[in-house]
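Hi everyone, thanks for making time.

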Amino acid sequence: MGAVVGTLTLQTRQRRPSNDKFYDDLELSVVCHRPEGLEQLEAQTNFSKKELQVLYRGFKNECPSGVVNEDMFKQIYSQFFPHGDASTYAHYLFNSFDSSQNGSIKFEDFVAALSILLRGTTTEKLQWTFNLYDINRDGYINKEEMTDIVKAIYDMMGRFTYPALKTDTTKQHVDAFFQKMDKNRDGVVTLDEFILSCQEDENIMRSLQLFENVI
Amino acid sequence: MAAGVAAWLPFARAAAIGWMPVASAPMPPPPREKRRGQDGLIILNVSGTRFQTWRNTLERYPDTLLGSTERDFFFHEETNEYFFDRDPDIFRHILNFYRTGKLHYPRHECISAYDEELAFFGIIPEIIGDCCYEEYKDRRRENTERIQDDEENENNNDLVLPEMSFRESMWRAFENPHTSTMALVFYYVTGFFIAVSVMANVVETVPCSSGPNRAKEVSCGERYALAFFCLDTACVMIFTVEYLLRLIAAPSRYKFVKSVMSIIDVVAIMPYYIGLVMTDNEDVSGAFVTLRVFRVFRIFKFSRHSAGLRILGYTLKSCASELGFLLFSLTMAIIIFATVMFYAEKGSSATKFTSIPAAFWYTIVTMTTLGYGDMVPKTIMGKIFGSVCSLSGVLVIALPVPVIVSNFSRIYHQSQRAEKRRAQKKTRLARIRATKSSGANAYLQYKRNGMLADAEEEASKEAGQSLVCKTNPTFETQHHHLLHCLEKTTNHEFVDEQTYETNCMEVSLTKPSMSRSSSLSSSPHGLSSCCTRRNKRKSFNVSNSNMVGGRRGSIQELSTIQIRERPMSNSRSSLNAKFEETVPLNSEEQSYITAAVISMPTPPVTTPEGGDSVSSHDFLQSNIVRVSAL
């Protein structure tokens, strides 16, 4: 009697995963991307051939299909920040990397963004950062967007910090930011205001050069 | 995931530029990259098979041999490659671990060889991927069980325990009857009496032909009451003596009293004594009769004599859950069908199904396909349900049986293997001893040749040996020199087997007490050294699996010892400690000890407190180490 019931439950359990597998296979087979040739990438970016090779090997190892989707991206990025929750910031990063806004990052996007970040001029870097902060791509950073970004950064810290996070830490931080950046006090920061304010700040300019030798 | 994550670190650091404008304080300076070599190809030559990989691939796991500076010890200048004198087949899997981040266990490899390779390259087996982890664990467990079995047998067959008390020797005689003739005799005598007692119990109920005067038949037990009583008394006396002796000899009396066999012994002899005490009391004589039933438990005493019986008992114990399931499902089915049959047959007249419990009997008999026929359904509904009952009975009983059978077969084959190994061990030991003695002889020859340098008038064989010794490369001479140094150190000399035994006998004849201690003083040393080394080896295996990062220092020492000790591992099991001279001989046999110490640098764990985003990248490095070590 129990055996009969057992066999019945076995059957139902088997049927479910096969549906998911089918869709997974479909997705993988459709999305498989090869990047442009090495020479073209070298021309488009500021990397040498060797550096591109190193980057591609790391990229392909983690994403054999040639593209990164948002979940994978969040997973990879979260591994570097196990204390807190890096998924929100990863989401914003993903959007800024994904130039074609189709939900996946190809190697060209990846390398293009890295080229700016590691080998670009300070203006390019600041432009990239502005695009990162400007979540809705309207050309202005308002307080809500900035609050989201700062909150995402604080989320990566996790709960256990010293000194302890208070409820208005984020707000204070955003206010300080706007104090510095918003020159004409209109409540939004434009690209020019942003670049100008950052160029005035020694610390920021110096820290932009920090990661040049990363590869 | 861990493999690719390291490769994405540059990206994560670059993306940190996004935090810069938000930060209100200056960033700390970037770390100085110490060993930032070019990302070149590294050639790994493993016993002739060349593997090539990127340097970055290997450096993904900096707490392993290949990923740390430890590999520099294996760098071969002339060929500009890293040379490892290890198994290339297993190395393939280890290198794949660096490439893909997943460690796989190949099914055809020996588990101990694989473990050794992992230990050498500083990889803990816990990171074996899920696909292969089950198999690895199973094989590991089998292997440890086998080693334990071997050790138990060794300890049992150890002939050299000089200081064994009478009590201990008696216990050994009880547990292993084949160790001495007295034990064997005792074993057979008790077996005989168990059989006699059981036969007597059986025969005394058989009806004997009565004399012509009597009307009814009498059982043999009542006819020859005195004879049976005497027989019973004799058997019970033997059993009592045996039980008391076992109780005295047991190393842990409490454990012995709790064990199953002793309970069976007690239950076997108790009815007799109880019967002695209360023979004439009429009220309890009925109870006394039932007590006699317990005499049949004497048959279980045979399980000491039969391994198969023990295996059966062990199987039933290990299949307890399957048996429980069988019982439970049967009970459910019985209740259901009994109820149904009762109500189906309620209408018919003069039915035997008077109640549901009465229908239980029918259900059981039908489900086990016995079908006595004393209760049969008469109505049509009853017959339909009766057939359904018998069909389902077959199914329910057939299901758990294969599980029990496979368990029994596995345990039985294991015990068979143990028996076979015990039988083969003697020939194996003899063969190994022969090769060892030839090696020892080479050294002894060298001693006689080298020491007595001017004694060239040796036998032709030895002269030949000396010639060979001289033309041998420096290895032999250095080896011999080493053994010589050892001799000087311990103030003992290497001798061959016969000389040793004759010496022992001489010494024991002349000076029993004092010389015994001197001649045996070296053997406990050998004993303790080999035992401690074995313990260290075992504990290394254990701590390897438990390593979480705290005991790095101790692992260093253990691993160096293990490296030195590994060549001995084959000979370890075969050598008894009585050849104390062969123990140090073998320890120096492979004098090529690689000086590699597995150093595992503990990464600096900086907690990212204070909100500095760049300082957390130090933590990233340590984090990645920890991820890979998981």
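This is a predicted model: local features need pLDDT of at least 70, side-chain atom pairs count only at pLDDT 80 or more; totals for chains, interfaces and linings use all residues.

In what order do the four strands of the open sheet in chain B sit? Going across, the order is S2-S1-S4-S3, and the pairing is mixed. S2, residues 49-54, and S3 are at the edges of the sheet; each has a single partner strand, so one side of each has no neighbour there. As a bit of background, sheet strands pair through backbone hydrogen bonds, in either a parallel or an antiparallel way.

Let's go across pair by pair. S1(B) and S2(B) are antiparallel, with six bridges between them. If you want a spot to look at, find B:Ile42, whose bridge partner in S2(B) is B:Thr53. Next comes S1, residues 41-46, against S4, residues 81-84, both in chain B: these two run parallel and are joined by three bridges. Here you can pick out B:Val46, standing opposite B:Phe84 in S4(B).

Then there's the last pair. B:His76 has B:Glu81 in S4(B) as its bridge partner.

Now over to the surface of chain B. Which residues form the nonpolar patch there? They are B:Leu226, B:Phe229, B:Leu276 and B:Val277, and together they have about 440 Å² of accessible area. Two helices of chain B, H10 (225-249) and H12 (260-277), each contribute at least two residues to the patch. Take B:Leu276, which is in helix H12 of chain B. Its relative accessibility is 42%, so B:Leu276 counts as partly exposed.

Last stop, chain A. A:Thr45 is in the loop between helix H2 (38-44) and helix H3 (49-62) of chain A. Is A:Thr45 buried or exposed? It's buried, because its relative accessibility is 7%, and the cut-off for buried is under 20%. The side chain of A:Thr45 also reaches the backbone nitrogen of A:Phe47, at 3.4 Å. Leaving aside residues up to four places away in sequence, A:Thr45 touches A:Leu52, A:Val111, A:Ala112 and A:Ser115.

Methods: Residues are numbered from 1 along each chain as its sequence is written. Chains are lettered from A and ligands numbered from 1 in the order in which they are written. Side-chain values use heavy atoms; hydrogens and water are left out. Buried means under 20% relative accessible area, exposed over 50%, partly exposed in between (1.4 Å probe, protein chains only). A polar contact is a pair of N or O atoms within 3.5 Å; within protein, one must be able to donate a hydrogen and the other to accept it, and residues adjacent in sequence count only if both atoms are side-chain atoms. Contact means heavy atoms within 4.5 Å. Two strands pair if DSSP finds at least two bridges between them. Patches are made of residues with over 30% relative accessible area and no salt bridge: like charges are joined within 9 Å, nonpolar side chains (Val, Leu, Ile, Met, Phe, Trp, Tyr) within 5 Å. Accessible areas come from the Shrake-Rupley method with a 1.4 Å probe; for residues, only the protein chains shown count as cover. A salt bridge is a side-chain nitrogen of Lys or Arg within 4 Å of a carboxyl oxygen of Asp or Glu.
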